[in-house]
Amino acid sequence: LSGQVFHDVAYKAKDRADLVAGIDEFLDQVTVLPPGEWDPSIRIEPPKNVPSQEKRKMPGALDESSSHSKPEKHSGPELERTGRLFGGLVLDVKRKAPWFWSDFRDGLSLQCLASFLFLYCACMSPVITFGGLLGEATHGHISAMESLLGASMTGVVYSLFAGQPLTILGSTGPVLVFEKILYKFCKEYTLSYLSLRTCIGLWTAFFCVVLVATDASCLVCYITRFTEEAFASLICIIFIYEALEKLSHLRETFPVHMHSKLDLLTIYYCKCEPPAHPSNETLRIWRSSGVNVSGITWGNLTVTECRSLHGEFHGPACGHNGPYAPNVLFWCCILFFSTFVLSSLLKKFKTSRYFPTRVRSTVSDFAVFLTIVIMVLIDLGIGIPSPKLHVPHVFKPTRDDRGWLINPIGPNPWWTVLAALIPALLCTILIFMDQQITAVIVNRKEHRLKKGCGYHLDLFMVAVMLGVCSVMGLPWFVAATVLSITHVNSLKVESDCSAPGEQPKFLGIREQRVTGLMIFVLMGCSVFFTSVLKFIPMPVLYGVFLYMGVSSLRGIQFFDRLKLFWMPAKHQPDFIYLRHVPLRKVHLFTLIQLLCLVLLWAIKASRAAIIFPMMVLALVFVRKVMDFCFSKRELSFLDDLMPESKKKKLDDAKNEAKEEEVMPG
């Protein structure tokens, strides 16, 4: 109470918050000597002049005029408009060219080998799964073989020539929805699906090149942390959800005999019998195959043979789709969760107390690959027939009535070339938003990238390969958010710890082209590795998906703010925005972001999934409206692109400078 400013605050305080704010301000200004550090024999000289206290009496004086009065945007030479056709693309090439050879030299490290082995396994399954789903949706016009070839070609070219090779390309949900709608439309109006799809792809590639020519990537500067975190959070949650959903679907393939009695195991059976009332389709299959129903010993047929002849399963040990599969589902659950837990534990092994630093670091880098190897060996040892990864083993189109080159017109009328303009515009927005938001997340300032980025060059390479894939009748690929975040996280470089208990410091990312290149080269050669890949259980890959989704959530400020709802004030971490923004405003900002996330999820899960990129674009406008609910200073802390650690250092440095003013001697 000896301080005049705090004396006034204490007497005029209306509630506890005012009093706490006054104490905080007072403690910021005083110099404290710890009891054990003070030597009574030394006289501390008083300051030569007492600093003016007038500034302290003016609350909010620093609010709008401080260095944090304006939210920071994505900025830099790569996002400046040049005013020339392809000006941004030319500058991207000039910026990245000097680093081209070092991108290969920097890739010669053990960490890159670990990253490539892990991500190869992580990329293979979604590409093949996406191909399988496309095959079902298009009746085999585009399937797993086309998906493998398209991913490999696009990934290799992108890794070699893109502006940001840390980005990993993959398939997206909205693209699959678009393919389904297009195939259904072509079937209804008896149009050639592959020819019309080629026209749409070529128009989309053309529009993307136009966006590159006009420096449209500069619009990225309007994508703030609010938008990118909502998008990244949604993709991470979808990864986690789909991993759990795929595991639950195994129950349909491998049904469990619930409430069975152990004493009756000797009399449980499930046998194949001819259908009592065969459908017209079954009769047609029998006639076309020349099947003599009365001459078949139905009781001796295998499960596969019974299903192929449309037989029926009867007996107390039969489920809806066939015989019960003992142990398989539970073994799949064990593999799934063991993969997730073991990957997480091995990744944290770097900070354990056992083994030398080099061993710990190597185990941490190879965490996921080691986990996959361990789980494959355990699966082989146990011998329970878990579902395995199926890779096409012959290099040829899935259907015999198509080749590797597609005529854009084909049997379709000439006007379909012009009509393809309309869906191509929607596809262009889809490709642009997916690509650029992922690029923004990869190029975050907290990743401390030194070689720069190239938004225009990235989009140009995606456009070129989109055109090539369209002509060849292959799926389209664009930047995959979770895979890209996982790739960046797997290449983090940290300082070596010398003192006991010292935490490693983050130094940056190992920027190179080797990992991405090797992932997609090996993916293209996977046709020749089927003898090895067929041993990898699918639940292990689902466990890797769960690990990738959960690990990608770390570092997303949105989830840190969500935790604050259930955290008492005294236990809250020292986040920079909590120092300067009232807690109710932090909660309001989080609730708005959460509402946007729920709406995005609802749209993506509905039939309107094709307009998902438009809704992501709408987040930018939602963020603009929030300027009326929050002050510029509040948004500068909540929606700032500057890394948390850097902002804390600046804030601490400012406080230290104030203390030095108080005590210059």
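How many nonpolar, polar and charged residues does the lining of the largest cavity have by class?

## Cavity

The lining of the largest cavity has 2 nonpolar, 2 polar and 4 charged residues. In this classification Ala, Val, Leu, Ile, Met, Phe, Trp, Tyr, Cys and Pro count as nonpolar, Asp, Glu, Lys and Arg as charged, and the others, Gly among them, as polar. The lining consists of Lys96, Asp103, Gln164, Pro165, Leu166, Lys451, Glu511 and Gln512.

A search of the whole structure finds 1 cavity of 30 Å³ or more, and the volume of the largest cavity is about 30 Å³. A cavity is a set of points, on a 1 Å grid over the protein atoms alone, where a 1.4 Å probe fits but cannot get out; lining residues have an atom within 4 Å of a point.

## Basis of the model

This is a predicted model, in which local features need pLDDT of at least 70 and side-chain atom pairs count only at pLDDT 80 or more, while totals for chains, interfaces and linings use all residues. Residues are numbered from 1 along each chain as its sequence is written, and side-chain values use heavy atoms, with hydrogens and water left out.

## Helices 1 and 2

Helix 1 (residues 4-12) packs with helix 2 (residues 16-29) at an angle of about 175°, and their axes are 9 Å apart. Helix 1 is therefore roughly antiparallel to helix 2 (angles under 35 degrees count as roughly parallel, over 145 as roughly antiparallel, 65 to 115 as roughly perpendicular and the rest as oblique).

Val5, Phe6, Val9 and Ala10 of helix 1 meet Asp18, Leu19, Gly22, Ile23, Glu25 and Phe26 of helix 2 in the contact (heavy atoms within 4.5 Å). These residues divide into 7 nonpolar, 1 polar and 2 charged.

## Helix 16 and its partners

The axes of helix 8 (residues 193-213) and helix 16 come within 8 Å and cross at roughly 55°, so the two helices are oblique to each other. On the helix 8 side, the contact is made by Ile200, Trp203, Thr204, Phe207, Cys208 and Leu211; helix 16 contributes Leu421, Pro423, Ala424, Leu425, Cys427, Thr428, Ile431 and Phe432.

Thr438, Ile441 and Val442 of helix 16 make the contact with Thr481, Ser484, Ile485 and Val488 of helix 18, giving 4 nonpolar, 3 polar and no charged residues.

Terms used. Helix = DSSP H or I, 4+ residues; strand = E, 2+ residues; numbered from the N terminus. 1 Å grid on protein atoms, 1.4 Å probe; cavity = no way out; pocket = protein on both sides within 12 Å on 5 of 7 lines; lining within 4 Å. Points joined across faces, edges and corners; volume = space filled by probe spheres on them. Axes fitted to C-alpha atoms, helices over the stretch in contact; angles between N-to-C directions.
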